[in-house]
Amino acid sequence: MQTYLLSQQFNARSLAENSTACPANATICNGTSCVIPEDNFNETLSIILSTVLTIMLALVMFSMGCNVELKKFWGHIKRPWGIFVGFLCQFGIMPLTAFLLSLAFNVLPIQAVVVLIMGCCPGGTASNIIAYWVDGDMDLSISMTTCSTLLAMGMMPLCLLIYTKIWTDSNAIVLPYDSIGISLVALVIPVSFGIFVNHRWPSKAKIILKIGSIVGAILIVLIAVVGGILYKGSWTISPKLWIIGTIFPAAGYSLGFFLARVAGLSWHRCRTVSLETGMQNTQLCSTIVQLSFSPEQLELMFTFPLIYSIFQLLFALLILGGYRVYRRHRVKTKTDVEKTEEKEDTKSTSSHAKINGGFVSNETK
C-alpha cells in the first residue's frame, strides 16, 4: 500500500499548484477529485486498528459458532439445498445484477469492472452477525459464508471471465488468493472452536453468544468509523456509481429473499439467504482493485467498495429494524389473541356450569 501511495507522487506538486480544491500533498488530483497519501500517524493507526478489528472479528465469529449445532450444520452439508440456493444467489444473481446495472447506467469500462468485481465477491462475515439479530438460521448462514469463500477461488475468475469480456481483459485483474485463503481460515477456525464449545458446554455457549452478538454490533459500527478515519481524502466520483452503490445491495437483499422463497425455504432461511446475498466481502473487493489498476484508473472508482459497504450496512440495519418491529407486533397480537380465547373459554365454562347446575373450579375463575 505504501509503495502504491509513493508511486502516485510523480505529479502531485504541479497538479496542486493548478488546483485550489486539492491539498498540496494530494497524490491523485483532477479538479475536486483527490486522494491524500497516508502519513505516519495514519499508517500506525491503520496497523493498530487492523489488529484490534481482526481480534474482535475472530472473537465474534467464535461466539457465532456457539450458536451452531453440529448435527444441523452437518445436515446442511449433507443436504445442501439451502447452500445451493445461496450459491445461485451469490454467484448467479449478484454478478448478473452487476452486469445489468453497468449496462443500464452506461458507466465507463473501468467503473463497470469494479462493479462486477464487487458482484463476484463472496459473502462477508457481517452477514452472520445480522442473521443472528433477525433470528436467521445460523447453521445455514455460517455454512453459506464458508462455502462461498471457498468456492470464490474458482467462481470469481469464471464470473469475471464471462462478464468483463466487453470491457477489459480478465487476465488484467489480479485475484489475491492469499487474502481469500486468510479470510477462509479466519472464518473456519474460530467458528469451529465455537461449535465445539456449544457441543461440549451448551449453557456456557449461550452466554458467550449473547456477549458476542453485542460485540458484533459494536464491531460493525467500528468498521464504518474506521473507514471514515483512514479514508480522509476527498473524492468526487461519478453520480452513477453512487446510484449503483445504492441500488446494488438493495437488489441483492430483495432478489436473494425472493429466490429463496421460490425455492421453498422457510421464512427464517429466506432472511438468511437474503443477507448472505446482499452483504459482500467489500474488503476483498478493495484489495483486488488496488492490486489490479493504475493510480489514474483508481481515481475513477477507488471509493466504490466503500460506497457499497455503507449502503449494504444501511439496508441491513433497516431490515433488522423492520423485522424487530414486525416481531414485536406479531408477539403482541398473538398474546392478545390467546388472552381473548382464554377469556371466551372461561365464560363458556361458567355459563355451561350455571345452566347445568354444576360448579366452577378455581382454575376458571
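This is a predicted model: local features need pLDDT of at least 70, side-chain atom pairs count only at pLDDT 80 or more; totals for chains, interfaces and linings use all residues.
The chain contains 15 helices and two strands. Of its 365 residues, 45% count as buried. Contacts between residues at least 6 apart in sequence were examined by separation, and 80% of them join residues at least 24 apart.

Helix 6, comprising residues 109-120, is mostly covered, with eleven of its twelve residues buried. The buried residues are Ile110, Gln111, Ala112, Val113, Val114, Val115, Leu116, Ile117, Met118, Gly119 and Cys120. The end C-alpha atoms of helix 6 are 16 Å apart, which agrees with the 16 Å that twelve residues should span at 1.5 Å a residue.

Helix 6 packs with helix 8 (residues 138-163); the two axes come within 10 Å and cross at roughly 145°. The crossing of helix 6 past helix 8 is right-handed. On the helix 6 side the contact is formed by Leu116, Ile117 and Cys120, and on the helix 8 side by Met156, Cys159, Leu160 and Tyr163. By class, this contact has seven nonpolar residues, with no polar and no charged residues.

Leu116, which lies in helix 6, counts as buried because its relative accessibility is 0%, where the cut-off is under 20%. Leaving aside residues up to four places away in sequence, Leu116 touches Pro95, Ala98, Phe99, Leu160, Tyr163, Thr164 and Trp167. For one of these residues, Phe99, the C-alpha atom is 6.3 Å from that of Leu116, at a sequence separation of 17 residues.

Most residues other than glycine have a negative phi. Asn106 is not a glycine, yet has a positive phi of about 50°. Asn106 is found in the loop between helix 5 and helix 6, and counts as exposed because its relative accessibility of 59% is over 50%. Asp135, likewise not a glycine, has a positive phi of about 55°. The loop that holds Asp135 runs between helix 7 (126-133) and helix 8. Asp135 has a relative accessibility of 29% and therefore counts as partly exposed.

Helix 12 (residues 267-278) packs with helix 5 (residues 81-105) at an angle of about 35°, with the axes 9 Å apart. Helix 5 passes helix 12 in a right-handed crossing. Helix 5 contributes Val85, Gly86, Cys89, Gln90 and Met94 to the contact, and helix 12 contributes Val273, Glu276 and Thr277. Four of the contact residues are nonpolar, three are polar and one is charged.

Helix 12 also packs with helix 11 (residues 239-262), where the axes come within 7 Å and cross at roughly 145°. This crossing, too, is right-handed. Pro249, Gly252, Tyr253, Gly256, Phe257, Ala260 and Arg261 of helix 11 meet Trp267, Cys270, Arg271, Val273, Ser274, Leu275, Thr277 and Gly278 of helix 12. The contact of helix 11 with helix 12 divides into eight nonpolar, five polar and two charged residues. Val273 and Thr277 of helix 12 take part in the contact with helix 5 as well as in that with helix 11.

Thr246 is also found in helix 11. Its relative accessible area is 26%, so Thr246 is partly exposed. Apart from residues up to four places away in sequence, Thr246 touches Phe311 and Phe315. The C-alpha atom of Thr246 is separated by 9.6 Å from that of Leu314, which lies 68 residues apart from Thr246 along the chain.

Helix 9 (residues 177-200) has 24 residues and reaches 34 Å from its first C-alpha to its last, close to the 34 Å expected at 1.5 Å a residue. The buried residues of helix 9 are Ile180, Gly181, Leu184, Leu187, Pro190, Val191, Gly194, Ile195, Val197 and Asn198. In an α-helix, residues three or four places apart point the same way, because there are 3.6 residues a turn.

Methods. Residues are numbered from 1 along each chain as its sequence is written. Side-chain values use heavy atoms; hydrogens and water are left out. Axes are lines fitted to C-alpha atoms, for helices over the stretch in contact, and angles run from 0 to 180 degrees between N-to-C directions. Helices (H or I, at least four residues) and strands (E, at least two) are DSSP runs, numbered from the N terminus. A crossing is left-handed if the near helix is turned anticlockwise from the far one by less than a right angle, and right-handed if clockwise. Contact means heavy atoms within 4.5 Å. Ala, Val, Leu, Ile, Met, Phe, Trp, Tyr, Cys and Pro count as nonpolar, Asp, Glu, Lys and Arg as charged, and the others, Gly among them, as polar. The expected span of a helix is 1.5 Å times one less than its number of residues. Buried means under 20% relative accessible area, exposed over 50%, partly exposed in between (1.4 Å probe, protein chains only).
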